[in-house]
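Subject: Structure handover and notes

Dear colleague,

I am passing on the structure below for you to look through.

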Amino acid sequence: MSEASSRQSTALPKTTRRLRPEDCIIADKKTLRQAQIGAGVGNFIEWYDIGVYGYLAVTMTSVFTEGMDETWGLLVTLFGFAISFVVRPIGGMVLGPLGDKIGRKKVMFFTIMLMAVATTLIGCLPSAGTVGLWVIIPLYLLKMVQGFSTGGEYSGASTYIAEFSPDKRRAFMTSLLNSGAMLGFAAGAGTVAVTTFIAEANFGPEAMLNGGWRIPFLIALPLGIIAVSLRSRIPESPAFEITQEIPDKGNPDSIFIRHSLPKVIRMYWPQILVGLAMIAADGTASYTLTSYIPTYLETQAGVAAAHTALASVVVLVVQAVLIPLFAIVADRRGRRLVYRIATIGNIALLFPAFIIMQSGTLAALYVSLTLIMIPSSAFLALTACFMCELFPTASRYTGVGFTHNLAVSVFGGTVPLVSQALVQGTGNIYTPAMYVMFFSIVAFAATFFLKETARKPLLGSVPVVESYEEAMALCEGQDKDENLDTRTMILVAMPAESK
C-alpha cells in the first residue's frame, strides 16, 4: 500500500498537535456491550436466513420448480441465493454513504426491519404446484430485497462496533459479530433439522413439501421484532459524532471530511484491491461451508439432509468459539499472521476435506466439515476489523459497504451456483475445492501488500481506550509509540479550544 500511503499523506496536515488524554474516546463497558448486542442481532438474522435457505435448497426446488427438470430446478433455486448477492453492492452503494451522512444507527435500524419482513414474506409464498412457475419471480424479488438490506447491514454493524472498540482489542470485539453470525446460521440449520424431524414424525415424509418448509422462514418475524426493539436503544457511534463537528470545507482530499463513493474509490483504490482479494478468499471459503456443502453432501455424497444439518450445527457452534480465539491472536501478533494462517490452511486442507467427505459416513462428515471450518474461522476473525481499518472514519461506511459487498456478491454469494455448475459442467466433484483454493492463493499474495493495523487507532479517528488512566499512559508515551500518528487523528483538524 505504499502508493496509497504516499497519496494519503498529501491529504494530512503538515503540522501536528500532541495527543491529550481528553482527546481519547473511553469505551464504556456497558455501552459497548449494548452496542454489540444491538449490532450483532442483525448478523444473526441475516445468517439465520442463509442457513434456512441453504438447508432447504433441495426441498424448495420441489416447492418452487415443480414440473421442471430436477437438475435445472436445483440451479434455479440456487440462483435465488445468488441473485440476492447481485443487489448487495447496490445496497452498499446506497446505504453506505447514507450511513456516513445521517449516522450508523439510523441505517442499521432500517436494514434490520427490511430483512425481517422479506424473510417472513418468503414463508408466505404459494408453491409452484398451486400457482405455477411464475412464483419464482416474487421469490427472486424478495431475495433481492434481502440482498439490498444486507448490503448495508454487515458493513454498518462492522463500522459501528469497530468505532466503539478499544484499539488493542478491536479484532476481538468485532469478531463477535461473525461468531453471532455463525450461531445464526447454526440456528437456521438447527431450525430446519428440528422442523423436519417433528413434521415428518407427525405428518409423514412429505410434510416439509406440504408446508413444513414455511415454519423456519416465518420464525424470522418474532426475531425481527426483538431485533428492532434492541436497535432502537443503541447509541450512535462516538467517532461518527465527532466527524460531524468538522466543517466540510478546506482541503478537498482531507481524510477528515465525508467523500462521495467515486471519490473514495479514487482515493483508496489500492486498499480496495487488497480488501477485495481478502474478502474473496474469505467469502468463497465461508459460503462453501455454510451454503453449498449441504447441497453438495446431499447430491454428491448421498448424506441425508438431517445429518448434514445436525453436523453443521455442531461445527458452526465450535466455529463461533474459534473465531474470537483467532481474533485474540490478531490483536496480539498482527492481522498479517492470521490471514496467512487462513490462506495456507485453505490451500492445504480443502482437497483432503472433499476427498474424505466422499465416503458418506457420519465420521467423514464431521472430519471434512471441521477441516473446512478451521481456516474459515481465521478469515472470519478479521473480516470486520480489517475492512474498517482500510478507510477513515468520515467515509468508512461508504468504503466498507462498497468493498465488502462487491467482493461477497461476486465471489461469495455465487459459490453455490458456480460450484454446482462446475461440478455439473466438468464432471469433477473436486472443482469446488479448487475454486476456493484459487482465491486463497490470490489472498496470500495480497498479504504482502497489507499494512499492519493491529493496536493502532482507526484512520481519521482518535485512540479508543478502556480507562482514563490508559489514556494518560498512552499520551505520556506517545513520542515512542509507533502505533500513534496524530496526523491521522481527527483532533488535528479541530482547533484546540473546541476540544
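**Cysteines and disulfides**

The sulfur of C385 lies 7.9 Å from the closest cysteine sulfur, that of C388, which is too far for a bond. A search of the whole structure accordingly gives 0 disulfides, a disulfide being a pair of cysteine sulfur atoms within 2.5 Å. C385 has 0% relative accessibility and therefore counts as buried, where buried means under 20% relative accessible area, exposed means over 50%, and partly exposed is in between (1.4 Å probe, protein chains only).

Before going further, please note that this is a predicted model, in which local features need pLDDT of at least 70 and side-chain atom pairs count only at pLDDT 80 or more, while totals for chains, interfaces and linings use all residues. Residues are numbered from 1 along each chain as its sequence is written, and side-chain values use heavy atoms, with hydrogens and water left out.

S376 is placed in helix α17, which covers residues 362-388; helices (H or I, at least four residues) and strands (E, at least two) are DSSP runs, numbered from the N terminus. With 1% relative accessibility, S376 counts as buried, and its side chain is joined to that of Q319 by a polar contact of 3.2 Å. A polar contact is a pair of N or O atoms within 3.5 Å; within protein, one must be able to donate a hydrogen and the other to accept it, and residues adjacent in sequence count only if both atoms are side-chain atoms. If neighbours within four places in sequence are left aside, S376 is in contact (heavy atoms within 4.5 Å) with A285, S286, L289 and Q319.

S368 also lies in helix α17 and is buried, at a relative accessible area of 0%. Its side chain reaches the backbone oxygen of L365 at 3.0 Å, and, with neighbours within four places in sequence again left aside, S368 is in contact with A353, I356 and M357.

**Aromatic rings and charges over them**

The structure holds 16 aromatic pairs. Rings of Phe, Tyr and Trp (its six-membered ring) pair if their centres lie within 6.5 Å, and planes under 30 degrees apart count as stacked, over 60 as edge-to-face and the rest as tilted. In one of these pairs, the rings of W47 and F185 have centres 6.2 Å apart and planes at 65°, so the pair is edge-to-face. Because W47 lies in helix α2 (residues 29-55) and F185 in helix α9 (residues 170-203), this pair ties together parts that are 138 residues apart in sequence. Both W47 and F185 are buried.

The rings of F64 and W213 also form an edge-to-face pair, since their centres are 5.3 Å apart and their planes are at 75°. This pair links distant parts of the chain, 149 residues apart, with F64 in helix α3 (residues 57-64) and W213 in the loop between α10 (208-212) and α11 (214-218). F64 is buried, with a relative accessible area of 1%, and W213 is buried, with a relative accessible area of 1%. Elsewhere, ring pairs link F411, Y435, F438 and F439 into a cluster.

The charged end of K143 sits over the ring of Y53, 4.1 Å from its centre, and that of R340 sits over the ring of F448, 4.4 Å from its centre. A charge sits over a ring if NZ of Lys or CZ of Arg is within 6 Å of the ring centre and within 35 degrees of the ring normal.

Helix α20 (residues 431-446) has 16 residues, which at 1.5 Å a residue should span 22 Å, and its end C-alpha atoms are 23 Å apart, which agrees; the expected span is 1.5 Å times one less than the number of residues. Buried residues of α20 include Y435, M437 and F439, and what covers its buried residues includes α14 (261-300), α16 (335-357), α17, α18 (396-412) and α19 (415-426).

R455 lies in the loop between α20 and β2 (464-465). Although R455 is not a glycine, it has a positive phi of about 70°, and it is partly exposed, with a relative accessible area of 36%.

**Strand β1**

I26 is found in strand β1 (residues 25-26) and is partly exposed, with a relative accessible area of 40%. The C-alpha atoms of I26 and V464 are separated by 5.8 Å, although the two residues are 438 residues apart along the chain.
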